[in-house]
Amino acid sequence: MPAPVVLIAEQLSPATIAALGPDFEVVNVDGTDRDALRSALQGADAVLVRSATQIDAEALSWAPRLKIVARAGVGLDNVDIKAATQAGVMVVNAPTSNIISAAELTVAHILGLARHLPRAHASLSAGDWKRSSFTGIELYEKTVGIIGLGRIGALVAERLRGFGVELIAFDPYVTAARAQQLGVQLVSLEELVAQADFLTIHMPRTPETLGMIGAEQLRAMKSTAYVVNVARGGLIDEAALAEALAAGEIAGAALDVFVQEPPADTSLTGLPTVNVTPHLGASTEEAQEKAGVSVAKSVRLALAGDLVPDAVNVAGGVIDEYVRPGLPLTEKLGQVFAGLSNGAIASLDIEVHGELAERNVEALRLAALKGVFSKVVSDPVSYVNAPLLAEQRNVEVRFTTDTVAESYRNVITLRGALTDGTQVSVSGTLTGPKQIEKIVEVNGYEVELPIPEHLIVFSYTDRPGIVASYGKLLGDAGVNIAGLQIARDEKKGTALSVLSVDGPVADDIINALGEAIGAEGLSRIEIDAL
């Protein structure tokens with residue numbers, strides 16, 4: 001089998017390639033060259049990018065084998081997450097790789113504003129000696145307002161405490177206890193902009209946060225105040241900021257990010273009261289190496305079929321080693337459930353019973369959905385798009401856990417209803433030291449047999465001679481029965497036969513079998529190897 005192809009679309013650190021290891025064929029391409037990217041994506045199983053390569057819906061359509069897009073950094077503005085999810089492609093980033101670098105740059109910009117460092121440097125470099133023109137201020141006892149106390153905002157707070165500043169913050173999702181741990185007082189946004197000598201913003205860019213520091217907020221600030229944005233372009237309204245600076249409503253600003261990069265005009269970058277850097281928040285050797293190594297590890301996990309902790313479009317995270325053997329079992333149970341469902345699925349209950357329920361078993365929900373929909377749709381199904389497929393088909397999905405299992409240490413059950421009201425269920429477990437995958441229940445009948453590749457399940461009125469009848473029919477057709485389980489419901493007078501056979505069975509034989517025994521329900525199930 002050929003090695004999976006990992007496409008490197010931008011320059012990454014040598015440590016990234018080393019972290020991938022020897023198990024992949026690594027191909028390099030200039031991701032900004034769309035023609036070259038199109039050609040390279042056709043054979044790629046994974047693609048690693050930074051910020052210049054656009055992995056949009058069009059690029060995804062060029063990559064039939066693609067399983068993962070890995071962004072060696074934090075932002076994902078250049079990756080169409082919705083299109084990737086619909087295509088079943090996992091998207092990962094390195095969310096913690098640059099947090100120290102970004103926090104340190106924030107502090108550097110605050111110090112640069114306080115002491116006019118860029119202008120003083122430019123003046124002296126031009127041959128002037130104008131000490132009195134660059135009198136600054138101390139940070140000591142100044143008020144720093146932090147908007148967003150996430151990972152970077154918290155690091156900024158930790159670093160600024162040593163300067164003896166008063167720290168205030170606005171973050172509606174942070175508790176007072178957490179703020180107290182950081183030595184920060186939580187205030188409203190209105191209070192923050194009015195009190196801050198330095199305002200620094202550390203929020204994600206969303207429709208709600210775009211322009212959240214605009215003309216109204218800037219007018220409410222002290223005329224001696226400064227604003228800093230090392231997070232995302234657009235969080236501070238650039239036009240309003242330029243007007244506020246021109247009008248003297250605030251003293252200055254420091255910007256590392258812009259709405260358009262590079263900026264289309266110099267209305268901000270050319271102002272003497274604005275310190276600017278070209279999006280350097282993650283531009284340290286340490287951050288680049290951390291990002292590359294992090295996503296390389298994610299690629300290894302994804303191509304091995306595992307869930308990835310840093311995946312942004314799939315839940316599940318790290319898989320417990322005790323839970324891991326249940327993934328292929330649950331996925332196969334999903335395939336059996338789909339095979340038993342001779343109609344559209346209206347609802348699906350995924351139940352985990354036993355010791356497994358004491359662990360994080362979210363991955364089993366995804367495995368069940370992947371198994372079910374791999375037999376329902378023709379497009380590729382993965383942990384990523386399986387929940388979306390259920391949502392698109394209005395399948396009501398419920399996931400429950402229970403630490404009690406009656407007959408086995410652990411039992412996983414898929415139980416659901418079809419749109420015509422028919423009830424379907426299948427249960428499975430892992431038995432023995434070798435963890436053999438077994439089916440232990442089908443549609444309420446108790447059975448126990450290893451999960452085969454080829455399965456025939458049928459119910460009928462319980463009466464003598466049925467086994468001989470279908471045994472002869474299959475034998476005459478050259479179909480070898482590898483395993484057989486029969487279960488009875490004496491109250492209903494019905495029985496269920498579950499047959500594992502050595503190969504696929506033709507339609508005409510299945511139809512003849514159903515007619516010969518008067519089958520009330522008949523399913524032929526092919527289980528894909530995992």
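1. Basis. This is a predicted model: local features need pLDDT of at least 70, side-chain atom pairs count only at pLDDT 80 or more, and totals for chains, interfaces and linings use all residues. Residues are numbered from 1 along each chain as its sequence is written, and side-chain values use heavy atoms, with hydrogens and water left out.

2. Overall form. The protein chain has 17 helices and 22 strands. Both are DSSP runs, numbered from the N terminus: helices are H or I with at least four residues, strands are E with at least two. The radius of gyration is 31 Å, well over the 24 Å that the globule rule gives for 530 residues, so the chain is more spread out than a compact globule. That radius is taken over C-alpha atoms, and the rule is 2.2 Å times the number of residues to the power 0.38. Along the principal axes, the C-alpha atoms fill a box of roughly 105 × 50 × 40 Å.

3. The parallel sheet. Five strands form an open sheet in the order E2-E1-E3-E4-E5, and the pairing is parallel. Two strands count as paired if DSSP finds at least two bridges between them. Strand E2 (25-28) and strand E5 (90-92) are the edges, each pairing on one side only. Neighbouring strands are turned by 20° against each other on average, direction ignored. Four bridges link strand E3 (residues 46-49) with strand E4 (residues 68-71) in the parallel sense. Val49 has Arg71 in E4 as its bridge partner. Helix H12 packs on this sheet and touches strand E1 (5-8), E3, E4 and E5; its direction makes about 170° with that of E4. Contact here means heavy atoms within 4.5 Å. Axes are lines fitted to C-alpha atoms, for helices over the stretch in contact, and angles run from 0 to 180 degrees between N-to-C directions.

4. The antiparallel sheet. Four strands make an open sheet in the order E20-E21-E19-E22, with antiparallel pairing. The twist averages 10° from one strand to the next. Strand E19 (residues 454-461) and strand E21 (residues 494-501) run antiparallel and are joined by seven bridges. Val457 stands opposite Val498 in E21. H13 lies across E19 and E22, at about 140° to E22. Helix H16 (residues 466-476) also packs on the sheet, touching E19, E20 and E21, and its direction makes about 155° with that of E20.

5. Largest pocket. Its space is about 1,200 Å³. The search uses a 1 Å grid over the protein atoms alone: a pocket is an open set of points with protein on both sides within 12 Å along at least five of seven lines, a cavity is a set where a 1.4 Å probe fits but cannot get out, and lining residues have an atom within 4 Å of a point. Grid points are joined across faces, edges and corners, and a volume is the space filled by probe spheres set on the points. Of the 43 lining residues, Val74, Gly75, Ala231, Arg232 and His279 are the closest to the centre. Helices H5 (99-115), H7 (151-161) and H12 (285-303) each supply at least two lining residues. The lining divides into 17 nonpolar, 17 polar and nine charged residues. Ala, Val, Leu, Ile, Met, Phe, Trp, Tyr, Cys and Pro count as nonpolar, Asp, Glu, Lys and Arg as charged, and the others, Gly among them, as polar.

6. Second largest pocket. This one holds about 850 Å³ of space. Its lining has 34 residues, and Lys67, Gly88, Lys370, Val381 and Ser382 are the closest to its centre. Helix H3 (57-61), H12, helix H13 (326-340) and helix H15 (386-392) give two or more residues each. By class, the lining has 21 nonpolar, seven polar and six charged residues.

7. Cavity. The structure holds one cavity of 30 Å³ or more. The largest cavity has a volume of about 50 Å³. Among its lining residues are Asn229, Asp237, Glu238 and Phe258. That lining divides into five nonpolar, three polar and two charged residues.

8. Backbone points to check. Most residues other than glycine have a negative phi, and most peptide bonds are trans. Glu261 and Pro262 are joined by a cis peptide bond, with omega about -5°. Pro262 lies in the loop between strand E11 (252-255) and strand E12 (274-276). His116, a residue other than glycine, has a positive phi near 55°. His116 sits in the loop between H5 and helix H6 (117-125).
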